[in-house]
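Here are a few notes to read alongside the model. Keep the structure open while you go through them.

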Amino acid sequence: METIDLDPTDEEILALLNENARTPDEELAEQVGVSPAEVSERIERLQEEGVITRFTTMFDTSKLGYVSVAFGFSVEPGKADEIANLLSQYDNIYKLWILSGRHNIIAHANFRDITEFQEFSSETLHDIDGIANYETSIATKSVLNDGSALPVSESGE
């Protein structure tokens, strides 16, 4: 995987956008000490390089009555990519990783209620060839949900 080198100004812009993706270029420019045109160019470059993949809104889904669930999947050898791609097609899954360790795939999902979760677990997942087994954990409290926050200090270190 190709990594992108960021300079301190890029890091500052990303940290500010992480706090509020709707911050105008003019305000970003003032805070990082460059022109609004340079901020715009940097953001465009970061998008082209795939560092910024989209601008979005985060919700506290528990306030809307959703049930948040973490899934840990163990899959048959050589099936992780295929199964992850299939799982990514379901609207209720919002985070998905292929990883090493006890589980080959971890997914986070939101369901309107416990019945929708049970139907997904008992019907949808059982029809996916290659899932050896899976475990679920229902979230009981959200302590931190910062999306994909970057570990960038305020001083840019």
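1. Handedness comes first: a crossing is left-handed if the near helix is turned anticlockwise from the far one by less than a right angle, and right-handed if clockwise. The crossing of α1 and α2 is right-handed.

2. Before going on, note that this is a predicted model, where local features need pLDDT of at least 70, side-chain atom pairs count only at pLDDT 80 or more, and totals for chains, interfaces and linings use all residues. Residues are numbered from 1 along each chain as its sequence is written, and side-chain values use heavy atoms, without hydrogens or water.

3. Back to the helices: α1 (residues 8–19) and α2 (residues 25–32) pack at about 130°, with axes 10 Å apart. That makes α1 and α2 oblique to each other (under 35 degrees is roughly parallel, over 145 roughly antiparallel, 65 to 115 roughly perpendicular, and the rest oblique). Touching here (heavy atoms within 4.5 Å) are T9, E12, I13, L16 and L17 of α1 with L28, Q31 and V32 of α2.

4. Now the rings, which pair if their centres lie within 6.5 Å; planes under 30 degrees apart are stacked, over 60 edge-to-face, and the rest tilted. There are nine aromatic pairs. F71 and F73 are stacked, 5.6 Å centre to centre with 10° between the planes, and both are buried (under 20% relative accessible area; exposed is over 50%, partly exposed in between, with a 1.4 Å probe and protein chains only).

5. Y90 and F120 are edge-to-face, at 5.4 Å and 85°. Y90 sits in the loop between α4 and β2 and F120 in helix α5, so this pair ties together parts 30 residues apart in sequence.

Key
Axes are lines fitted to C-alpha atoms, for helices over the stretch in contact, and angles run from 0 to 180 degrees between N-to-C directions. Helices (H or I, at least four residues) and strands (E, at least two) are DSSP runs, numbered from the N terminus. Rings of Phe, Tyr and Trp (its six-membered ring) pair if their centres lie within 6.5 Å; planes under 30 degrees apart count as stacked, over 60 as edge-to-face and the rest as tilted.
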